[in-house]
Amino acid sequence: MRLISAAVATLALTVGAQVATAAPVELKFSHVVAENTPKGQMATKFRDLVAERLGGKVEVKVYPNSQLFGDNKVLEAMLLGDVQMAAPSLSKFNKYTTALQIFDLPFLFKDMAAVEKFQQGPAGQKLLGSLEKKGLVGLGYLHNGMKQLSASDPLRVPADAAGKKFRIMASDVLSAQFEALDAVPLKKPFSEVFTLLQTRAIDGQENTWSNIYSKKFFEVQPFITESNHGVLDYLVVTSKEFWMGLDDSTRTELKKALDEAIAYGNKVAGDKAEEDKKAIAESGRSEVLSLTDAERQQWVEAMKPVWKQFEGEIGADLIEAAVQSNN
Ligand code: LMR
């Protein structure tokens with residue numbers, strides 16, 4: 001009996017102490033890009049909005065430039081509770097789901113407006129839940145933009161890429177895309193790309209204007225083909241355990257702040273695609289190659305068989321829904 005009352009007293013003391021010193025919930029947001037990018041700016045906007053509205057309750061700490069985790073480790077770390085939020089590229093969920101592979105199909109979306117239409121439509125919204133069984137919650141999409149091809153030699157037609165080594169994100173569709181060109185794809189973390197290019201260990205890579213600019217790939221890649229052959233967007237994710245462990249009002253406020261930060265990030269993405277392309281073209285370090293319609297058509301024909309290859313895994317209906325978003 002005495003033991004029980006002692007235990008109750010200790011419990012009361014502990015609870016009392018916790019109430020008195022309740023520290024804010026720490027929300028670590030890890031990403032791999034520079035701060036001055038659509039994702040970097042979205043993350044800092046989110047941090048600031050949360051500080052303004054939920055200060056004392058939740059504190060967001062942003063870790064850019066792969067400082068905390070690279071994209072190949074961040075989801076594992078999230079499931080272990082070591083990080084609470086991230087926004088990996090949609091190409092980096094291959095280990096967790098095949099559904100998001102739709103976004104990697106080459107020449108699927110004609111522009112970012114089509115990507116937005118698909119993401120916000122019923123099929124895109126349903127895909128947000130595709131990680132649920134793995135313990136992850138898709139909170140929203142964030143844009144970066146269309147991908148371009150950079151290389152140490154000019155790439156005007158698909159034959160120019162044959163035999164060359166390209167860094168890709170960890171996606172089987174992207175692997176197939178380069179194999180369709182008779183090129184050699186290598187899955188490598190973002191943090192290693194600059195050195196791989198600089199040392200000529202690889203010949204090229206695909207990325208958005210903002211990533212090519214902010215990570216200085218253009219300084220070590222003399223040619224960039226404006227191919228717009230695919231999209232690089234993000235999924236903002238958290239773990240189910242963290243998200244559902246928050247009280248309802250905190251969760252609602254966080255989601256609201258995140259939606260606003262995403263809208264802001266999307267605006268930055270649109271602006272940066274233009275600005276960074278211009279800065280690269282004006283730098284004199286890299287030549288931006290435009291394709292004629294006939295050249296572009298050759299790339300479409302070379303890469304398009306990838307659709308059939310993945311139709312079984314992705315689903316013909318989903319592909320059709322994405323195609324329709326171009327109208
Ligand atoms: C890449 O690995 O090239 C991109 O996913 C990096 C990023 O997060 O934009």
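The lining of the largest pocket is made up of seven nonpolar, two polar and seven charged residues, where Ala, Val, Leu, Ile, Met, Phe, Trp, Tyr, Cys and Pro count as nonpolar, Asp, Glu, Lys and Arg as charged, and the others, Gly among them, as polar. The volume of this largest pocket is about 320 Å³. It is lined by 16 residues, and those closest to its centre are Asp 71, Asn 72, Lys 92, Lys 95 and Ala 170. The model is a predicted one, in which local features need pLDDT of at least 70 and side-chain atom pairs count only at pLDDT 80 or more, while totals for chains, interfaces and linings use all residues. Residues are numbered from 1 along each chain as its sequence is written, and side-chain values use heavy atoms, with hydrogens and water left out.

Pockets and cavities were located on a 1 Å grid over the protein atoms alone: a cavity is a set of points where a 1.4 Å probe fits but cannot get out, a pocket is an open set with protein on both sides within 12 Å along at least five of seven lines, and lining residues have an atom within 4 Å of a point. Grid points are joined across faces, edges and corners, and a volume is the space filled by probe spheres set on the points.

The second largest pocket has a volume of about 230 Å³. Of the 16 residues in its lining, Met 112, Met 146, Asn 228, Ala 273 and Glu 274 lie nearest the centre. Strand E4 and helix H10 are the elements that give two or more residues to this lining, helices (H or I, at least four residues) and strands (E, at least two) being DSSP runs numbered from the N terminus. H10 gives the most, with five residues. By class, the lining of the second largest pocket has five nonpolar, six polar and five charged residues.

Three cavities of 30 Å³ or more were counted. The largest cavity has a volume of about 70 Å³ and a lining of 13 residues, with Ser 89, Lys 92, Met 169, Asn 211 and Leu 232 nearest its centre. Six nonpolar, three polar and four charged residues form that lining.

Helix packing was examined next. H2 and H10 pack at an angle of about 145°, with their axes 8 Å apart; axes are lines fitted to C-alpha atoms, for helices over the stretch in contact, and angles run from 0 to 180 degrees between N-to-C directions. The crossing of H2 and H10 is right-handed, a crossing being left-handed if the near helix is turned anticlockwise from the far one by less than a right angle, and right-handed if clockwise. The contact of H2 with H10 involves 14 nonpolar, three polar and five charged residues.

Gln 41 belongs to helix H2 (residues 38-54). Leaving aside residues up to four places away in sequence, Gln 41 touches Glu 35, Asn 36, Tyr 264, Val 268 and Lys 272, contact meaning heavy atoms within 4.5 Å. Gln 41 and Glu 206 are separated by 165 residues in sequence and by 22 Å in space, C-alpha to C-alpha.

Helix H6 (residues 172-179) packs against helix H12 (residues 305-314) at an angle of about 145°, with axes 9 Å apart. Asp 172, Val 173, Ala 176 and Gln 177 of H6 make the contact with Val 306, Gln 309 and Phe 310 of H12. H12 and helix H13 (residues 316-324) pack at about 115°, with their axes 7 Å apart.

The mean pLDDT of the chain, the predictor's confidence in each residue from 0 to 100, is 94, and 94% of residues reach 70 or more.
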